[in-house]
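Q: Hi! I have a structure open and would like to talk it through. Can we start with how some of the helices pack?

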Amino acid sequence: MIAIVDYGVGNLFSLRCSLESLGLKAEVSSVPDVIRNADRVILPGVGAFGDAADKLRETGLDQVVIEQAEAGKPLLGICLGMQLLFDKSYEFGEHAGLGLLHGQVIPMQGTIPAGLKIPQMGWNALLVKRSHPLLKNVREGDCVYFVHSYYASDCEDSLVATTEYGIELTAVAANGNVMGCQFHPEKSGKVGLGILSAFAEIKT
Amino acid sequence: MITKRIIPCLDVRNGRVVKGVNFEGLNDVADPVRLAAQYSAEGADELVFYDITATYEGRTLFTDVLRSVAEQIFIPMTVGGGINTVEDFDRVLKCGADKVSVNSGAIRNPGLISEAAIKYGSQCVVLSADVKRVDGVFRVFSHGGRIDTGMEALEWIRQGVSLGAGEVVVNSIDTDGVKQGFDLKMLNAVTSIVDVPVIASGGAGEIRDFVTLFTEVPDVDAGLAASIFHFQEVKIPDLKEVLHRSGINMRIV
């Protein structure tokens with residue numbers, strides 16, 4: 001069973017349906033023991049980093065996620081959920097993340113060329129930097145769906161794939177059992193489903 | 001680099017997609033889930049669903065349709081029609097919508113845009129504007145394009161974006177249904193005043209119209225159409241192939 005961590009941000013309906021469409025058992029839950037008993041954990045998220053990090057801490061689920069990641073369970077952060085895996089973010093101030101991946105989340109404003117719209121909203125191609133089991137179904141040039149205004153930087157040690165939006169932005173990061181996608185695999189058609197199914201097959 | 005988006009629009013009444021009037025003058029309908037699945041498989045980058053029912057029963061059928069689509073189709077989905085309150089946002093987001101488009105509801109109460117943007121984020125709020133030239137000025141119309149609000153369209157769109165709309169759909173009443181191409185002048189006027197994504201709607205009749213759109217209005221992000229896709233006058237794979245060959249960045253599936 002895959003636990004989708006529900007800490008009160010975002011709409012988890014599509015994510016659950018996408019996993020179920022692959023024949024996977026998925027449960028949206030805020031109950032620590034459900035997350036502890038799952039084979040794998042997905043940390044979703046939309047909205048602002050600070051709010052989401054606060055909610056994750058208020059519910060105590062930050063510790064559950066960290067404990068499960070440290071126990072070696074496959075963990076996938078999606079969109080803001082991926083950003084939360086990093087050390088810190090500079091979205092409206094400075095906020096600490098979970099520190100499961102090294103690096104920081106910084107604004108596109110000022111780092112991407114002027115004239116490009118922020119957020120990056122739409123389909124963009126993945127540029128794979130190193131092979132990783134999460135991307136085993138991804139082919140060169142496959143597009144995925146992004147909606148974001150911030151991105152993970154200074155994360156060379158975990159960088160798996162980027163996408164080009166004026167500059168190369170971190171699209172996939174992974175370190176051992178801890179993985180993250182900046183884009184929404186549950187909204188990225190067949191390519192996205194291929195990534196979710198690869199996640200479900202990663203050895204525990 | 002980010003790709004330009006092709007978006008089929010599905011009008012839903014009483015749980016069925018209303019394709020429009022066919023060559024025999026009959027009001028043709030289709031199963032929304034089947035049509036959405038077909039468009040997704042063909043490479044549509046996003047789907048827009050408009051609720052064109054006015055009854056309570058119709059509204060319930062509409063949310064049932066959304067839920068069934070979201071259970072089976074995994075590309076972004078924008079929902080509009082009858083969105084007047086934040087509760088309406090909540091109702092369709094729970095059924096799997098990613099973005100919600102506001103039109104007359106926001107004209108009546110512009111605060112709806114900011115309220116929804118604060119609650120769900122700007123990326124979730126789409127301002128849809130029906131625009132028509134009146135005495136040489138772009139004006140906003142409400143109620144499905146029937147009522148002249150008297151408001152200047154560019155001013156309204158600028159205001160909507162500053163209130164928190166994260167995307168704008170510009171539907172030109174002047175070119176809608178004429179099938180002679182998108183309203184390039186209107187779209188250029190809009191893209192020059194806002195820095196959020198702009199979706200062009202109204203006027204597409206053939207593949208060439210999309211090539212012209214993305215070439216002549218480089219800052220437009222997406223082209224939206226309905227009947228030409230429903231009646232297969234333009235097939236999405238053919239359209240994307242031609243656009244790709246014309247040097248427009250496309251997602252090819």
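Q: Which way does α3(B) pass α5(B), in a left-handed or a right-handed crossing?

A: Keep in mind that this is a predicted model. In it, α3(B) passes α5(B) in a right-handed crossing.

Q: Which residues make the contact there?

A: From α3(B) there are B:V86, B:F89 and B:L93, and from α5(B) there are B:E115, B:A116, B:K119 and B:Y120. Sorted by type, five residues of this contact are nonpolar, none are polar and two are charged.

Q: And at what angle do the axes of α3 and α5 of chain B cross?

A: Roughly 45 degrees, and the axes come within 9 Å. That angle makes α3(B) oblique to α5(B). In chain B, helix α3 covers residues 86-93 and helix α5 covers residues 111-120.

Q: Why give both an angle and a distance?

A: Two packed helices are described by the angle between their axes and the distance between those axes.

Q: OK, then how do α8 and α10 of chain B pack?

A: Helix α8 (residues 207-216) and helix α10 (residues 236-245) of chain B pack at about 40 degrees, with axes 10 Å apart. So α8(B) is oblique to α10(B). The crossing of these two is right-handed.

Q: What makes the contact between α8(B) and α10(B)?

A: B:I207, B:F210, B:V211 and B:F214 belong to α8(B), while B:D238, B:L239, B:V242 and B:L243 belong to α10(B). By type, that contact has seven nonpolar residues, no polar ones and one charged.

Q: What about α1(B) and α2(B), what's their angle?

A: About 35 degrees, with the axes of α1(B) (residues 32-42) and α2(B) 9 Å apart. Their crossing is right-handed. On the α1(B) side you'll find B:P32, B:V33, B:A36 and B:A37, and they meet B:V65, B:S68, B:V69 and B:Q72 of α2(B). Six of the residues in this contact are nonpolar, two are polar and none are charged.

Q: Switching topic: how many residues of chain B are in contact with chain A?

A: 24 residues of chain B are in contact with 26 residues of chain A. On the chain B side, the largest share comes from helix α2 (residues 56-72) of chain B, with three residues. That side divides into ten nonpolar, six polar and eight charged residues.

Q: Let's go to chain A. Which residues of α4(A) are buried?

A: Helix α4 of chain A runs over residues 61-70, and its buried residues are A:L61, A:D62, A:V64, A:V65, A:Q68 and A:A69. Looking down the axis of α4(A), these fall within an arc of 165 degrees, so they line one face of the helix.

Q: What do the buried residues of α4(A) pack against?

A: Several elements of chain A: the strands β1, β3, β4 and β14, plus the helices α2 and α3.

Q: And what follows α4(A)?

A: A:G72 follows α4(A), and its phi is positive, near 95 degrees.

Q: How exposed is A:D154? And is B:H143 buried or exposed?

A: A:D154 is partly exposed, with 14 other C-beta atoms within 10 Å. B:H143 is exposed, with 11 other C-beta atoms within 10 Å.

Q: What else is in the loop between β8 and β9 of chain B?

A: B:R146 has its place there. B:R146 is exposed, with 10 other C-beta atoms within 10 Å. B:R146 and B:I173 are 27 residues apart in sequence, and their C-alpha atoms are 9.8 Å apart in space.

Q: Last one: where is a cis peptide bond?

A: Between A:I118 and A:P119, with omega about 5 degrees. A:P119 sits in the loop between β7 (101-107) and β8 (120-125) of chain A.

Notes
Residues are numbered from 1 along each chain as its sequence is written. Chains are lettered from A and ligands numbered from 1 in the order in which they are written. This is a predicted model: local features need pLDDT of at least 70, side-chain atom pairs count only at pLDDT 80 or more; totals for chains, interfaces and linings use all residues. A residue is buried if 20 or more other C-beta atoms lie within 10 Å of its own, exposed if 12 or fewer, and partly exposed in between; C-beta atoms are placed from the backbone. Helices (H or I, at least four residues) and strands (E, at least two) are DSSP runs, numbered from the N terminus. The arc is that of the directions from the helix axis to the C-beta atoms. Two residues are in contact if their C-beta atoms, placed from the backbone, lie within 7 Å. Axes are lines fitted to C-alpha atoms, for helices over the stretch in contact, and angles run from 0 to 180 degrees between N-to-C directions. Angles under 35 degrees count as roughly parallel, over 145 as roughly antiparallel, 65 to 115 as roughly perpendicular and the rest as oblique. A crossing is left-handed if the near helix is turned anticlockwise from the far one by less than a right angle, and right-handed if clockwise. Ala, Val, Leu, Ile, Met, Phe, Trp, Tyr, Cys and Pro count as nonpolar, Asp, Glu, Lys and Arg as charged, and the others, Gly among them, as polar.
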